[in-house]
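Let us walk through this structure from the whole chain down to single residues. Keep the sequence and the 3D view side by side.

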Amino acid sequence: MATALGVTAALGLTLLSVSAQGQQAAQPSGNQPRPTQTGPSSGPESSPIAGAQQQLYTVSGQNGSTVTQDSFKGSIVEGKSTGTTMDLSLDDAIQRGLRNNLGIILQGAAQKNANGQRLEELQALLPTATGAASINVQQVNLAAYGLKFPGLNPIVGPFQVVDFRAYLTQNLLNVSALQNYIAAKHNFAAAKLTADDARDLVVLTVGNAYLLCVADEARVESVTATLATSKVSLDQAVAAHDAGTSPKLDVLRAQVDYQNEQQTLISAKNQLAKDKLALARVIGLPLDQDYKLTDLVPYAAFNDIDPQATAEQALKSRKDLAASGEQVLAAKAQKTSAWAYQLPVVSFSGDFGDLGQTPGHSHSSYTATGQVTVPILQVAKTKGQEDVAGAQYDQARARLADQAQQINADVRDSLLDIQAAAKLVEATHSNVELANEALSEAQQRFKAGVSDNLPVSQAQSQTEQANDQYISALYQHNIAKLSLARALGAAQAKYKDYLGGK
């Protein structure tokens, strides 16, 4: 009898040890309630989404978070230099940008990150099953536990226990975890919309870089033509001086003008080379790849449209505004989650396995536990979390309202820029014609000996200035139309229509 009692006590201690190991293995993960804990999961604590997604975009509607505006100036290089000069159209440049631009790649990574966080929050609502197998060999000193029996050896064992077991935990009711998942789902939707919006930003960035290079090439051509005109004037001054009909001053003045144009041409070519490098950086083209632009993007008039109707269209189509709306819903869910932290959590945990001295001498065993946990004295913590979540919700709503106003302003600004640039194109084109006519008249008068070449020098300067203003006006008009397409959320789909007129 005493021997049986000692063995029973030893086995009881062993089973307690194995049971403790099993309970440790059955601990749930995520924000599921643990049997040794009280209170449900905390929304602000268990979900890092709110803080990570808070900077996903700025109030101006441009992509933020880890993706900055400078991110869209970089790219991942695609391929290697061909060693020849390749043709690059605007379409080719934009398609390369949509594949290789750093901003769009980072936005894709941010979308994956948001999806991963959504799945993490979903796990708190799903069953968690784990398995374990253990073998425990033990020798027990009963005297250490105060068990002393006359005639009984206090050393029991060694003996072993083999346990094969599966554990299951499940949240049956956890409002906070549910709201955390809802918030994560809205944040994921916002990330997808922001990634879509990034494509419009890439089109705007690449289009702007391409238009700058087009303007630079036009300046190089204009300065080259002015240089040729200056050479003609210099040759005329030298011939007149050699013939004794013109003073040395005319030659010196013409030579200074010619050398100034040479310097201007050097500067214009340098600027073109630098802007072509910037375009290559935006679209992922190797920097040592030589290329030429095939689209000149000439002037195309843009019909007047209603600003109010256009702004209303933009509010419906802008993906970044829709992302802001999803962020508001996510913040609202986080606020509800913080409030729900004070509610009870109902959970279930259980295990089933095979327990015995050996696999051949064992028997099935199981446990099933239903648990309700309720926070009691956490008033300050709960109130603080509610205040934090409420403040984030208010901020999200304020950003959404401001962003809608910003989009409205962007549309109206672009329309005003288009109208102003169209008038500038007409005025500067007229100035170019007048300046060319004045230059021709001055050259004829100098050649006829009616006047010196000072009017020629002045006319050349005015002609160069008029050409620069005309080129600048063309660029302003085209970039204003491209900006309107971006403001409407249609840059990727309709940039050709806007640059080609509408």
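What is the mean pLDDT of the chain? The mean is 84, and 86% of the residues reach 70 or more. pLDDT is the predictor's confidence in each residue, from 0 to 100. This is a predicted model, in which local features need pLDDT of at least 70 and side-chain atom pairs count only at pLDDT 80 or more, while totals for chains, interfaces and linings use all residues. Residues are numbered from 1 along each chain as its sequence is written, and side-chain values use heavy atoms, with hydrogens and water left out.

Treat the start of the chain separately. Over residues 1–66, pLDDT stays under 50. For this stretch the model has 152 contacts beyond four places in sequence; a contact means heavy atoms within 4.5 Å.

Now the overall build. The chain has 12 helices and six strands. These are DSSP runs numbered from the N terminus: helices are H or I with at least four residues, strands are E with at least two. Of the 502 residues, 43% are buried, meaning under 20% relative accessible area with a 1.4 Å probe, counting protein chains only. Among contacts between residues at least 6 apart in sequence, 83% join residues at least 24 apart.

Turn to the strands. Strand 2 (residues 128–141) pairs with strand 3 (residues 155–173) in the antiparallel sense, over 13 bridges. Two strands pair if DSSP finds at least two bridges between them. Isoleucine 135 stands opposite valine 162 in strand 3. Strand 3 is also joined to strand 5 (residues 345–358), by 11 bridges, and these two run antiparallel. Here threonine 169 stands opposite serine 349 of strand 5. Strand 3 holds proline 158 as well. A cis peptide bond joins glycine 157 to this proline, with omega about 5°.

Next, a helix pair. Helix 4 (residues 90–100) packs against helix 5 (residues 102–123) at an angle of about 35°, with the axes 6 Å apart. Helix 4 contributes Gly97, Leu98, Arg99 and Asn100 to the contact, and helix 5 contributes Leu102, Ile104 and Ile105.

Finish on one residue. Threonine 428 lies in helix 10 (residues 379–447). Is threonine 428 buried or exposed? Threonine 428 counts as buried because its relative accessibility is 6%. Leaving aside neighbours within four places in sequence, threonine 428 is in contact with Ala466, Gln469, Tyr470 and Ala473.

Methods
Buried means under 20% relative accessible area, exposed over 50%, partly exposed in between (1.4 Å probe, protein chains only). Axes are lines fitted to C-alpha atoms, for helices over the stretch in contact, and angles run from 0 to 180 degrees between N-to-C directions.
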